Amino acid sequence: MAKGIRDKVVILGMGCSQFGERWDCSAEDLLAESFLEAIGDAGIDRDQIEAAWFGLSMDEQNLGKSGLSASQSLRLPNIPVTRVENLCATGSEALRGAVYAVASGAVDIAMAIGVEKLKDTGYGGLPERSKGTFNELWQPSATAPGSFAQFASAYTARHGIEMDTLKEAMAHVSWKSHENGSKNPKAHLQRRISKEAILNAPMVAYPLGLFDCCGVSDGSACAIITTPEVARRLGRTGDLVSVKAVQLAVSNGSEMSHDSWDGSYARTTRIAAERAYREAGITDPLKQLDLVEVHDCFSITELVTMEDLGLSKPGEGFRDVLAGKFDADGEVACNIDGGLKCFGHPIGASGLRMVYECYQQLLNRAGDRQLNRPTHALTHNLGGFPNFNVCSVSVLGLLDT
Amino acid sequence: MFPSRQAQLAVEGRDNGCSHPLKRLGRSIPNDVAEQGATEKPLTNTGITSIAGYLPRLRVARRVIADANKWANPALAAMAKGHRTSCTPDEDSLTMAVEASRSCLAAGSGAAPAVVQFASTTAPFADRANAVLLSEALTLPAQIRCADFGGFLGAGMTALIDALSSGQPTLTVAADRRSAKPASALEMTLGHGAAAVATGTQGLIAQLVATHATATDFVDHYRAAGAEIDYSLEERWVRDEGQMKILPSAILALLEQAGCTPGDIDHVVLSGIGQAAARNIAKVCGIAPERLVDPLDAGCGNTGTAHGLLMLSHALEQASPGKKILVANFAQGTQCILLETTDAIADWAAANPVAAQLENGCEDGNYTRFLAFNDQLEIDWGIRAERDNRTALSAFNRHRKTITGFIGGKCTACGTRQFPKGPACVNPDCRSFGTLEDEPFRDKIGRVKSFTEDWLAISPNPPLMYGNVAFDDGGVIMMEFTDFEPGELAVGTPVRFVFRIKDKDPKRRFHRYFWKAAPVNSAEAG
């Protein structure tokens, strides 16, 4: 009987590019930026990497299909490179591939790298793309904000609260992200902002205003994965960050077409979190997790995710948010790096960027935003739409804690 | 069926040679028209089994049009009374035809149609049978004959005359969504709308008495092939030289053929002409002005090919048994029908009466929106709108029932209703393969579970409103809303489903259709 991934592999090194509107850079340059930081941090030569998983979501606007572009731009030594794509969980999928490769014993050192160059579309927001020949015939011409916005109407109906109250809690989420982002030199958005400005922003998709939406950014992030033994053999001393869980839950149509889902939460987050907690041995997430990096594509998504991860009781998330429970100095710091909202959201890189922040925090290298001696961290991606999505939940922690 | 006393009187009138209204007025009947009309002896016992009109929800006050164009054409102020109907960008002649047909078929008790006829001068496709698409949206069986009628504003009445003459169970639907130049009189007088008529020999609410048609190439207006907008001739000339000379003689010829006098007629539908001409014609023909059926000028406007049928629907919805109704349409000649309501009309109730639709519009005071909705103002929708909207027609063909008919599935193993129908049941506790049978969703009532008003999504009518909708008897779907204005939606709002344009592909001049969630009236919500 398989026992899961817990503590089988560690992160040997990580890199993350500057996120933002990188008009000066192509995706190849962004890849090189995170890659060089990661192998420098790992203290290895690129030829020591035996296999790579490459996350890139929007191939239509980006580098095209396959693993070729990563191999070419980084001049990798003809190793296997697999391009993965699973919506906003793409970066986390790259990590899962590398983690499984090392854990299986097939290779000693594997790489997960992700990139997205979103700012070549010529407009704000995510690129327009096909939903598939059949889906185009009937599904709404929806956008990401319009789809996630519906959490809000369903949530207020389910829990009997006023939209104005929920809007205030959502504004707190975005306000907090800007506060955190202001302490992150790699973040796309580093300006603090008032709650009043958030509440008065132009409407994008009711009830989401402009500041309820995350940035659309260029960026890349990279992780070098190995076993604890190889890490020590390579001379790594001190704390090691290990992977405690990597889980993925993918919708099977029940949210889209069955009555059993009311739209006020993400079903897959609950499933993936339960599996990840079991894999990581977490029984009380509120006590055991020191920080969480969650998929705050929109403020309301972060709010319902607090409930779906078991950090708030269902229907209590908005109160907890308003009480500061997830602020930098709260019970569990959420998106201490600014999150998707302010660090930015280059899709193929985002899951790895979250891991990057957890890794820095666990190793006490997070500068002005360093938390007090964290030992366990969680990352979460929700790709697609609330009724039709891919959710990843990973748990990281110091080895042997 | 005909009251013998009246027939007798008519015969007597003809015999003494002095009762013909035109003769009484000292005018001669133009021989070329009156004597050459195509008069048909009706089959016994054919007639109308049901009828319905459809008006788009959006209404534009003529005052809004006049005010916006005052700088260019101050004379419009004289016409600035009442409202006209106007389609939203997801409506066209075909979608209006589907709605009129649904109301018509829902209210009727006649045989299922063996023939479907669609008449329009603004059909969305010049070569792709609109009537066939209509029949698939109505999920009628493929074993029927479909035909499109067009080419002039008499197409709807001509199709109806054909249907009544054949006696076969037929659904005849006429719809028009015509455009006019900004600041033109036509922009004020046009309306968008549709009407559907079911005919046959059983379950009649009105029996056919006689039909009569004449053909005269009187060019009161025309629209060249490929043109979007009519070229109109001077109204006074049209009225005096055209309508006044062509219509009265045709009406009287119809009456003569039926053995009726003008006084026998209870309700008179005169379509394709203005109110002043209608009053004059009634006077010339000896028809009391109060017998003229409301031309729907005040709340709708002239719906072109549909208008005679729409006015007839309005008349039948209010008619009692034993009433004679004359319909005369002016379009390159005349198309005339004489009907008599049966006792069954007393028990017949329209599904969505024209009168109710006139009351329940949604007023739009925004002239630029009106122009944009009618493709007369090119809005900058930004680069996002440049997305290619090609339809994979091979995929569409595989899923035609799903898309055009809104057919989903019901699991024979667990009873779960679901849309769309996949290879396996969606119920997490079932997931059986091969157990889904067809389940129509079109006529269900749903309730909003979640919604948004999306200003980022590309839509010709922003914000794009969509959300999760639960069907009252099971199943959910994420779909677009239509006919709601921002602020009108809430969780729990009841909805019905309507056939609308889903997306347009301007590059290939194709557009595809699907169903959207629309407001219900309180009776339907249950």
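This is a predicted model: local features need pLDDT of at least 70, side-chain atom pairs count only at pLDDT 80 or more; totals for chains, interfaces and linings use all residues.
Local features need pLDDT of at least 70 and side-chain atom pairs count only at pLDDT 80 or more, while totals for chains, interfaces and linings use all residues. Residues are numbered from 1 along each chain as its sequence is written, and chains are lettered from A and ligands numbered from 1 in the order in which they are written.

**View 1. Strand β4 of chain A and its two partner strands****.** Strand β4 (residues 110-116) of chain A has seven of its seven residues buried, so it is largely enclosed by the rest of the structure. A residue is buried if 20 or more other C-beta atoms, placed from the backbone, lie within 10 Å of its own. On one side of β4(A) the buried residues are A:Ala110, A:Ala112, A:Gly114 and A:Glu116, and on the other A:Met111, A:Ile113 and A:Val115. Strand β2 (residues 51-55) of chain A pairs with β4(A) in the parallel sense over five bridges, with A:Ala51 bridged to A:Ala110. Strand β7 (residues 219-226) of chain A runs antiparallel to β4(A) and is joined to it by seven bridges, one of them between A:Glu116 and A:Gly219. Pairing requires at least two DSSP bridges between two strands; helices (H or I, at least four residues) and strands (E, at least two) are DSSP runs, numbered from the N terminus.

**View 2. Contact of helices α6 and α12 of chain A****.** The axes of α6 (residues 163-181) and α12 (residues 299-308) of chain A come within 8 Å and cross at roughly 100°. That makes α6(A) roughly perpendicular to α12(A) (65 to 115 degrees). Axes are lines fitted to C-alpha atoms over the stretch in contact, with angles from 0 to 180 degrees between N-to-C directions. A:Ala169, A:Met170, A:Val173 and A:Ser174 of α6(A) meet A:Ser299, A:Ile300, A:Glu302 and A:Leu303 of α12(A). Contact means C-beta atoms, placed from the backbone, within 7 Å.

**View 3. Domain 1 against domain 2 in chain B****.** Chain B is divided into domain 1 (4-370) and domain 2 (442-526), with bounds from an automatic or database domain assignment. In chain B, 12 residues of domain 1 are in contact with 10 residues of domain 2. Helix α5 (residues 93-107) of chain B gives the most to the domain 1 side, with three residues.

**View 4. The side of chain B that touches chain A****.** Here 43 residues of chain B are in contact with 34 residues of chain A. The elements of chain B that each supply at least two residues to this side are α14 (393-398), β19 (446-454), β20 (464-471), β21 (476-480) and β23 (510-519). The largest share, six residues, comes from β19(B).

Conventions
Angles under 35 degrees count as roughly parallel, over 145 as roughly antiparallel, 65 to 115 as roughly perpendicular and the rest as oblique. Two residues are in contact if their C-beta atoms, placed from the backbone, lie within 7 Å. A residue is buried if 20 or more other C-beta atoms lie within 10 Å of its own, exposed if 12 or fewer, and partly exposed in between; C-beta atoms are placed from the backbone.
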